[in-house]
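These are notes for a colleague who is about to go through the model. Please read each point with the structure open.

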Amino acid sequence: SIYVYDDVLGPNFKAANLPVTDAFFKTLHADARILLMQTKDVWARKRPHLTNSEVVPLDPNLRLPYGYPSGGVMNSTLTAIVLAEMVPEKRFELFERNLEYGNNRVVVGVHYPRDVTGGQMAGVAAAQALFDSPAFIKEFEPARDELRRVLGLPAAPAGKKSIDEIAEDLREEFKLTESGLQALDDFAPGGETTPQWQTWVDNLVREHLPPQHERGNDLPWSA
C-alpha cells in the first residue's frame, strides 16, 4: 500500500482524498506484481523460516514461499521513487522510510538482507523503465497534480526529466554503482548464474509484459 508513507506525507495522504492517485498506484502495483511473479519463479529462494526452524516469522500474511527478491520492498521502492518524483520536497524522507521498511522485513524474519537488496534494485529498474514510457507519463501527471493539490503544495513545474537524468538520480539515491551491481552478480542462489539485475529486470519490464495480459485489462504502460 502507498499509505505506508502517510507518516511522511501527512494526514491528508489517504485514499478518500486521492481517487486519481490511488487508482494510478493500484495499476502500477498490479503491473509490478506480474514482474515479481516471474522473478521469484526464476530463483525460487525459500524464506528464512522455511530453511531454519528456529526462525519464527512475525508477519502472518505471507502469500508466497519464496523471498528473493522481496516483492514488498520492490513495491515500496517503486512507490517511493514515483512519490519522490511527484513530491521532490519529501524525497529524502520518502527514501529513508523505504529503507526502514526494507530493514523491518529482515527484523520480522521473512527475508534475508539479500532479498531486500534485490527488491530495491528491482524497484529502481522498474521505475527507470516506466519513466521512459509516454503512456506512463500521461497517467503520472494528473496523479502528481492531484497529490500536490491535496497536500497544499504549489503546482509542479512544466516539463519532465529525460530518462537518462532519472536513471542518474536513481543510481545516486540508491548508490547503485557498477561494482555494487557486479557484487550481486557474484551471488547465485540455487547455484544458477544470476544475470545483471539492472539489465535483466529492465528487459522484463520492456519485453515480457504483453500489451494485453490475462489480468483482463490492458496494461497501459507496457507498450
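1. The secondary structure of this predicted model comes to 10 helices and zero strands, where helices (H or I, at least four residues) and strands (E, at least two) are DSSP runs numbered from the N terminus. Read from the N terminus on, the elements run α-α-α-α-α-α-α-α-α-α.

2. A word on conventions: because the model is predicted, local features need pLDDT of at least 70 and side-chain atom pairs count only at pLDDT 80 or more, whereas totals for chains, interfaces and linings use all residues. Residues are numbered from 1 along each chain as its sequence is written, and side-chain values use heavy atoms, with hydrogens and water left out.

3. Of the 223 residues in the protein, 45% are buried; buried means under 20% relative accessible area, exposed over 50%, and partly exposed in between, with a 1.4 Å probe and protein chains only. The accessible surface comes to about 11100 Å², and carbon and sulfur atoms hold 52% of that area, as computed by the Shrake-Rupley method with a 1.4 Å probe, where for residues only the protein chains shown count as cover. Among contacts (heavy atoms within 4.5 Å) with a separation of 6 or more, 75% are between residues 24 or more positions apart.

4. Side chains of opposite charge can pair when their charged atoms come close. Seven salt bridges are found in a search of the whole structure, each being a side-chain nitrogen of Lys or Arg within 4 Å of a carboxyl oxygen of Asp or Glu. One of them joins Asp 7 to Arg 97 at 3.3 Å, N to O; since Asp 7 lies in helix α1 and Arg 97 in helix α5 (residues 91–107), the pair ties together parts that are 90 residues apart in sequence.

5. Arg 97 also meets Glu 100 in a salt bridge, at 3.2 Å from N to O, and these two residues, three apart in helix α5, are separated by about one helical turn. Asp 7, Arg 97 and Glu 100 are thus linked in a network of salt bridges, in which Asp 7 is exposed at 52% relative accessibility, Glu 100 is partly exposed at 41%, and Arg 97 is buried at 16%.

6. Within helix α2 (residues 19–43), Asp 22 and Lys 26 lie four residues apart, about one turn of the helix, and form a salt bridge whose closest N and O atoms are 3.2 Å apart. Asp 22 is buried, with a relative accessible area of 13%, whereas Lys 26 is exposed, with 55%.

7. Helix α7 (residues 134–150) has 17 residues and reaches 25 Å from first to last C-alpha, close to the 24 Å expected at 1.5 Å a residue, the expected span being 1.5 Å times one less than the number of residues. Its buried residues, including Phe 136, Phe 140, Arg 144 and Leu 147, pack against α2, α4 (71–86) and α6 (113–130). Just after α7, Gly 152 takes a positive phi of about 75°.
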